[in-house]
Amino acid sequence: MTDRYAVFGHPIAHSKSPQIHAAFARQTGQDMTYEAILAPLDGFADSIAQFVTAGGRGANVTVPFKEEAYTLAQRLSPRAQRAGAVNTLVFNAEGILGDNTDGAGLVADLTRNLNHTLAGKRILLLGAGGAARGVIEPLLEQQPAALVIANRTVSRAQELADLFGHGVAACSFEAANTPFDLIINATAASLAGELPPLSANAFNATTLAYDMMYGRDTPFLSFARTQGAATADGLGMLVEQAAEAFFVWRGVRPDTAAVIASLRAA
Ligand code: ATR
């Protein structure tokens, strides 16, 4: 019997996840379907329950349900626990397992696709919401020299720095004014077409500026380019977090390069 998977979000119509997982399934010969399901804003848990009753084997969870999925899960992977959010659910005889593959996806994109070594590097993470929190632990595992979290509301950045402790600092956007090797935009500013008030001094010619958003050029990436920095959008992260979820469900690692290239071309 064909195994069913789905991504739950609100909105969900523009999700590329069904296309990505269909490509992975074709490539690896897995007998599965993957659909996009619009959950009502007040009906996430019910939507998941219906899907499980209908035989669903696993799900991805996107905006705005990642924290709710964390609460819904009966067991959590260590990385989901530390992220405080869940983007991958596994449904089996033991109930609902919550996992989080976002951070692993970002690190895979940076290190494998972009050949960017993180060990010993200075990393500036912009934002202190769920998107930022989810990637901190996987970034720290790469043993950077420093991880600085800058946020509009500095107290939120400080809370995250305190939570992760050792080697993590917090400041305002303006105060991050010495060069970083990697600057990751995990704020929601790009969604609004806005640029956080960054110092030009945070960038130099060897900086990689990475926006977790994909699909259009953002004010952050164009500002970075004017400072001479290299840039990357979050399309690779999207495909890599999907590949990591696919591995959790199916035990097989798909080839991501071909899928990233075809999405890029489309
Ligand atoms: P997400 O799950 O996407 O991280 P979130 O938890 O609401 O969503 O967090 C949004 C992040 O984007 C926060 O860091 C927020 O800054 P505040 O903590 O000061 O609210 C940041 N953000 C949103 N709009 C922004 C803007 N226009 N400029 C700079 N930062 C912005």
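A residue counts as buried here when its relative accessible area is under 20%. Keep that cut-off in mind, and remember that the model is predicted.

**Stop 1: helix H1**

Select residues 17-28, which make up helix H1. This helix has 12 residues. From first C-alpha to last it reaches 16 Å, close to the 16 Å expected at 1.5 Å a residue. Now colour the buried positions of H1: Ser 17, Ile 20, His 21, Ala 23, Phe 24 and Ala 25. An α-helix has 3.6 residues a turn, so residues three or four places apart point the same way. What covers the buried residues of H1? Show strand E1 (3-9), E2, strand E3 (56-61), H9 and helix H10 (256-265), which are included in the cover. Step just past the end of H1 to Gly 29, where phi is positive, at about 65°.

**Stop 2: helix H9**

Go to H9, one of the elements covering H1. H9 has 16 residues and spans 22 Å between its first and last C-alpha, close to the 22 Å expected at 1.5 Å a residue. Is H9 mostly covered or mostly open? Mostly covered: 14 of its 16 residues are buried. Gly 251 follows H9, and its phi is positive too, near 75°. Pick Phe 247 next, then Arg 253. The arginine lies over the face of the ring, 4.0 Å from the ring centre.

**Stop 3: aromatic pairs**

Show the side chains of Phe, Tyr and Trp. The whole structure holds 9 aromatic pairs. Zoom in on Tyr 34 and Trp 249, a tilted pair with centres 6.2 Å apart and 45° between the planes. Tyr 34 belongs to strand E2 (residues 32-38) and Trp 249 to helix H9 (residues 235-250), so this pair ties together parts 215 residues apart in sequence. Both residues are buried.

Move to Phe 51 and Phe 91. Their ring centres are 6.3 Å apart and their planes meet at 70°, so the pair is edge-to-face. Phe 51 sits in helix H2 (residues 44-53) and Phe 91 in strand E5 (residues 88-92), so parts 40 residues apart in sequence are tied together. Phe 51 and Phe 91 are both buried.

**Stop 4: Asn 87**

Select Asn 87, in the loop between helix H4 (78-83) and E5. Buried or exposed? Asn 87 is buried, with a relative accessible area of 2%. Its side chain reaches the backbone nitrogen of Thr 101 at 2.8 Å. Show what Asn 87 touches, including Ala 59, Asn 60, Val 61, Lys 66, Asp 99 and Gln 241.

**Stop 5: the nonpolar cores**

In soluble globular proteins, nonpolar side chains tend to be buried together. The largest nonpolar core has 26 residues. Which of them touch the most other members? Select Leu 106, Leu 110, Leu 125, Leu 139 and Ile 184. Elements giving two or more residues to this core include helix H5 (102-113), strand E7 (122-126), helix H6 (130-141) and strand E10 (182-185). Centre on Ile 184. Its contacts include Leu 106, Leu 110, Ile 123, Leu 139, Tyr 210 and Met 212. Another core, of 22 residues, lies apart from the largest one; among its members are Val 7, Ile 20, Leu 97 and Ala 243.

**Last stop**

Finish on Phe 180. Arg 122 lies over the face of this ring, at 4.2 Å from its centre.

Definitions and conventions:
Residues are numbered from 1 along each chain as its sequence is written. This is a predicted model: local features need pLDDT of at least 70, side-chain atom pairs count only at pLDDT 80 or more; totals for chains, interfaces and linings use all residues. Side-chain values use heavy atoms; hydrogens and water are left out. Rings of Phe, Tyr and Trp (its six-membered ring) pair if their centres lie within 6.5 Å; planes under 30 degrees apart count as stacked, over 60 as edge-to-face and the rest as tilted. Helices (H or I, at least four residues) and strands (E, at least two) are DSSP runs, numbered from the N terminus. Buried means under 20% relative accessible area, exposed over 50%, partly exposed in between (1.4 Å probe, protein chains only). A charge sits over a ring if NZ of Lys or CZ of Arg is within 6 Å of the ring centre and within 35 degrees of the ring normal. A nonpolar core is a set of buried Ala, Val, Leu, Ile, Met, Phe, Trp, Tyr and Cys residues joined through side-chain atoms within 4.5 Å. Contact means heavy atoms within 4.5 Å. A polar contact is a pair of N or O atoms within 3.5 Å; within protein, one must be able to donate a hydrogen and the other to accept it, and residues adjacent in sequence count only if both atoms are side-chain atoms. The expected span of a helix is 1.5 Å times one less than its number of residues.
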